[in-house]
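Thanks for coming. Please look at the sequence and the structure first.

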Amino acid sequence: MTDFPRLTFSLDRDSKVPVFEQICLTIRQRAISGALAKGSKLPPTRVLATELGVSRSTIVTAYEQLVAEGYLKSLRGSGYTVCALGEVELSGGAKAAQTLPEDEEGEAIVPFEASQPDMRLFPHRQWAKAVSRVCRTNPQAMLVGGGTFGNPELRRAIAQHIAEWRGIDASPQQIIVTAGATDALEICMRSLAQKGDLVGLEDPGYLPMRRFAQAQDLVPLYLAVDEAGAHLPDPAKPPQLVILTPSHQYPLGGAMSPSRRLEFINWADAQNAWIVEDDYDSEFRYAGRPIPAMTGFDRLNRTIYIGSFSKVFSNALRLGYLVVPEALLDRFRTTMRRFGQKASYMPQQALADFMASGEFYRHLRRVRRTYDERRRFLLDQLATEFSAFGRCEDHQAGMQVVFHLADGFDDRDLSARATAQGINLQPLSAYAAHAEGHNGLVMGFCAYSEEEMKPALALLKSCFQQSG
Ligand SMILES: Cc1ncc(COP(=O)(O)O)c(C=O)c1O
C-alpha cells in the first residue's frame with residue numbers, strides 16, 4: 001500500500017499540449033474539485049514517472065509548475081503535498097478594480113495648453129472605415145510593418161505629401177516612419193553625433209530636446225533667436241549638427257528669413273555638419289502659401305527633415321517621419337536596426353489609405369479653418385482686452401501665440417497665478433536656457449472653442465490686475 005492517492009492520468013502523446021502540461025491539468029482539476037484533499041501527498045516523481053512511462057524530469061517540471069501556481073507545496077525530504085486552495089494568496093483582482101487617480105484617468109486639457117490639437121474634431125467615422133477596410137482586405141499589413149523603415153505605402157504617401165505641401169523632392173526610400181517627431185529627433189542625434197559632440201539648439205526652444213541631447217551625452221550649444229531666426233553657431237565652437245524650426249520657430253512663432261536659411265546651408269556645407277529641420281506643425285499656416293521647407297531649398301544635401309502626424313491628425317497615434325539624404329541612408333538604417341523601430345505598425349496602412357483617399361486632406365483643411373477662427377479670436381481678445389499688459393505678434397501660423405509682457409509683469413508669476421485659477425499657461429522664460437529678454441506667456445489656441453476661452457481669459461485678466 002502506498003500513502004499517496006491513486007491518480008489516473010489519460011495522457012495523449014499525439015496532442016499538441018505537452019505531456020507535463022497534461023499532468024498539471026489533471027492534478028489541478030483534482031485539487032480544485034477536492035478529489036485531492038489538502039495535505040495529501042503526491043506520488044514521488046520517480047514512481048509516477050515509471051507508472052506513466054515518462055522521464056522523471058517531466059514529472060518534476062509538472063510538480064514545480066504547480067508549486068509556482070500555489071496548488072502544491074514541496075517540503076524537503078517529504079515530497080510534494082496538496083495545498084488548500086485558500087493557502088494561495090490570490091488577490092482576486094481587488095487591486096485591478098481600483099479606480100485611477102483623477103489625473104491619470106486622462107488629464108483634462110484646459111486653456112491655453114500649447115501644441116494641443118482638438119481631438120473632438122478627429123474624423124472618427126472616416127478613420128473607422130479606413131481601419132476596418134484594412135482589417136477586412138489586408139490584415140497582414142497591420143502586423144508586418146515593411147521592415148526597418150516602415151510601411152511602404154505610407155512612405156509613398158508621405159513622399160507625395162511633402163512634395164505637394166513642403167516642396168521637398170524625395171523618393172519613398174528616403175522616408176523613415178517614426179514614433180512621432182520626438183522619436184525622429186532622437187534617431188537623428190543617435191545617427192549624426194557621438195558622445196561629447198556639440199549639438200546646436202534654438203534658445204528658446206522645445207524643452208525636451210535638451211534632455212534628449214543630454215541623455216545621449218551630447219552637449220547642447222544654445223543658439224539665440226532673433227526676428228530672422230536662430231543665430232549661426234560661433235565659428236570657434238562648431239557643432240556636429242543643429243536642430244532648427246525654420247518654418248515656424250518654436251515657441252516664438254516667426255519664420256527664418258531666406259538669407260539666414262542660406263547662411264545655415266552654406267555653414268553646414270563648409271563644416272560638414274548637418275541641419276535637422278523640425279517641421280512638426282508646418283501644415284498650420286493660415287494665410288498665404290505655405291513657406292517651403294528649408295530641406296527643399298537645400299535639396300536634401302545637408303538637411304534632414306522631420307514631420308509629424310501628432311498635430312495634424314492625432315497625438316495618440318504616435319506617428320511621424322524622417323526624410324534622409326541618400327548619403328545618410330545606411331547610417332540611419334544601422335541606427336534603426338540597433339535601437340529598433342518604435343512606430344506601431346498597426347495604423348500605418350490605414351493612414352496610407354486615408355491619405356490616398358483624400359480624407360486626410362479634408363480633415364486637415366477642416367481643422368485648419370477652425371484653428372484659424374480660434375487664433376483670430378484669441379489675438380483679437382489680446383489686442384483689445386489685454387493691451388495694457390503686453391502685445392502679441394501675429395505670425396499667421398502654428399498652434400500657439402506668445403503674449404510678450406509689458407514692463408512690470410513677470411511671466412513665471414503670472415503663470416503661477418493662472419495655474420492656481422485652473423488655467424494652463426507656460427512662461428516663455430521656461431523655454432529658454434538664457435531667459436533674459438524672454439518674458440511672455442505661451443498660449444495654445446487650437447484645442448479650445450471661443451466659449452471655452454472666454455472664461456479663461458476673464459480669469460487671466462484678473463490675474464494681471466492682481467499682479468500689476
Ligand atoms: C518643436 C517640437 N518638436 C517636436 C515635437 C514633438 O512632436 P511629436 O508629438 O510628433 O513627438 C513638439 C511637440 O509639441 C514640438 O513642439
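I begin with Glu385, which is partly exposed because its relative accessibility is 39%. On the terms: buried means under 20% relative accessible area, exposed means over 50%, and partly exposed is in between, with a 1.4 Å probe and protein chains only. Accessible areas come from the Shrake-Rupley method with a 1.4 Å probe, and for residues only the protein chains shown count as cover.

This is a predicted model, in which local features need pLDDT of at least 70, side-chain atom pairs count only at pLDDT 80 or more, and totals for chains, interfaces and linings use all residues. Residues are numbered from 1 along each chain as its sequence is written, and side-chain values use heavy atoms, with hydrogens and water left out.

Back to Glu385. What does its side chain meet in a salt bridge? The partner is Lys461, at 2.9 Å from N to O. A salt bridge here is a side-chain nitrogen of Lys or Arg within 4 Å of a carboxyl oxygen of Asp or Glu. This pair links distant parts of the chain, with Lys461 in helix 15 (residues 450-467) and Glu385 in helix 13, 76 residues apart. Helices (H or I, at least four residues) and strands (E, at least two) are DSSP runs, numbered from the N terminus. Lys461 also counts as partly exposed, because its relative accessibility is 24%.

Helix 13 (residues 359-385) also holds Arg362 and Glu359, three residues apart, about one turn of the helix. These two form a salt bridge, with the closest N and O atoms 3.5 Å apart. Arg362 is partly exposed at 45% relative accessible area, and Glu359 is partly exposed at 22%.

How many salt bridges does the structure hold? The count is 16. Another of them joins Arg260 and Asp226, with closest N and O atoms 3.2 Å apart. Arg260 lies in helix 9 (residues 258-271) and Asp226 in strand 5 (residues 219-226), 34 residues apart, so the pair links distant parts of the chain. Arg260 counts as buried at 12% relative accessibility, while Asp226 counts as partly exposed at 28%. There is also a network of salt bridges that links Asp118, Arg120, Arg374 and Glu452.

Next, the ligand. It is surrounded by 13 residues, the closest being Ala181, Thr182, Asp278, Ser308 and Arg318; the cut-off is a heavy atom within 4 Å. A side-chain N or O atom of Asp278 is 2.6 Å from a ligand nitrogen. Ligand oxygen atoms are found 2.8 Å from a polar side-chain atom of Arg318 and 3.4 Å from a side-chain N or O atom of Lys311. Taken alone, the ligand exposes 400 Å², and the protein buries 95% of that.

Now strand 12 (residues 400-405), where six of six residues are buried. Gln400, Val402 and His404 point one way, and Val401, Phe403 and Leu405 the other way. Strand 12 runs antiparallel to strand 11 (residues 390-392), with three bridges, and Leu405 is the bridge partner of Gly390. Strand 12 also runs antiparallel to strand 14 (residues 440-444), with five bridges; there Val401 stands opposite Met443. Strands pair if DSSP finds at least two bridges between them.

Last, the surface. Leu143, Val144 and Met346 make a nonpolar patch of about 290 Å². Val144 lies in the loop between helix 5 (140-143) and helix 6 (152-166).

Key: Patch = residues over 30% accessible without salt bridge, like charges linked within 9 Å, V, L, I, M, F, W, Y side chains within 5 Å. Polar contact = N/O pair within 3.5 Å; in protein donor to acceptor, adjacent residues only side chain to side chain.
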